[in-house]
Amino acid sequence: EKLEADDWSERNTAAIALTYAAEEYPTEVADDLSSLVGSLDDDKAAVRYNVATCINTIAKANPDQLVDHLDTIVTATGDEEESVRQPCLEVLQNVHEKDSEALKTVIDDHLADFFKRVADGDHTKTDHRMLTLLAIEFPEIMGEHRQSFVDLFADEDPAVQHLSTAVIDRI
């Protein structure tokens, strides 16, 4: 409930408290996982950071609990704040160790959506941050799409060409 408060400081305090609780009781705090994951798009970076840290604490104890939320967590790896991206990447690493196929499926879906949006001229800086980090952390999954990134290099948009080069260099 506090994660949805109007006052950002209340949301932030709730996220911090849940992180401390998750260190001792990760399964119990995971009961609030939908609210936590939903808060990864909070307008305040401090709240997003503390929520991501809490989710990461849960993932360290039981990564299986995060599988149903991977789509949102993958998207959060494109957050404008490094402090938010890093714990989200750690969540994905924990899940990957336990269930690499689930993560691969979500990344494949994100890539399919991204390639479609590039074709429509509708890509964002968030996409670029997310895909570059995924290429660094999960080159084996991203490498399966190497040819698609090679093909992107022919795009007229210099930002797409840059992203293509950045991903190819890492896979």
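Helix H6 passes helix H8 in a right-handed crossing, a crossing being right-handed if the near helix is turned clockwise from the far one by less than a right angle, and left-handed if anticlockwise. The model is a predicted one, in which local features need pLDDT of at least 70 and side-chain atom pairs count only at pLDDT 80 or more, whereas totals for chains, interfaces and linings use all residues. Residues are numbered from 1 along each chain as its sequence is written, and side-chain values use heavy atoms, with hydrogens and water left out.

Two packed helices are described by the angle between their axes and the distance between the axes. The axes of H6 (residues 82–98) and H8 come within 11 Å and cross at roughly 45 degrees, where axes are lines fitted to C-alpha atoms, for helices over the stretch in contact, and angles run from 0 to 180 degrees between N-to-C directions. H6 and H8 are therefore oblique to each other, since angles under 35 degrees count as roughly parallel, over 145 as roughly antiparallel, 65 to 115 as roughly perpendicular and the rest as oblique. Helices themselves are DSSP runs (H or I, at least four residues), numbered from the N terminus. In this crossing, Arg-85, Leu-89, Leu-92 and Gln-93 of H6 meet Arg-129, Leu-133, Leu-134 and Glu-137 of H8, contact meaning heavy atoms within 4.5 Å.

Helix H8 (residues 125–137) also packs with helix H7 (residues 100–119), their axes coming within 12 Å and crossing at roughly 140 degrees, which makes H7 oblique to H8. This crossing is left-handed. On the side of H7 the contact is made by Ile-107, His-110, Leu-111, Phe-114 and Arg-117, and on the side of H8 by Asp-127, Met-130, Leu-131 and Leu-134.

A pair of aromatic rings is described by the distance of the centres and the angle of the planes. Two aromatic pairs are found in the whole structure, rings of Phe, Tyr and Trp (its six-membered ring) being paired if their centres lie within 6.5 Å, with planes under 30 degrees apart counted as stacked, over 60 as edge-to-face and the rest as tilted. The ring centres of Phe-115 and Phe-149 lie 5.2 Å apart with their planes at 65 degrees, so this pair is edge-to-face. Phe-115 in H7 and Phe-149 in helix H10 (residues 146–152) are 34 residues apart, and the pair thus links distant parts of the chain. Both Phe-115 and Phe-149 are buried, that is, under 20% relative accessible area with a 1.4 Å probe and protein chains only (exposed is over 50%, partly exposed in between).

Notes:
Helices (H or I, at least four residues) and strands (E, at least two) are DSSP runs, numbered from the N terminus.
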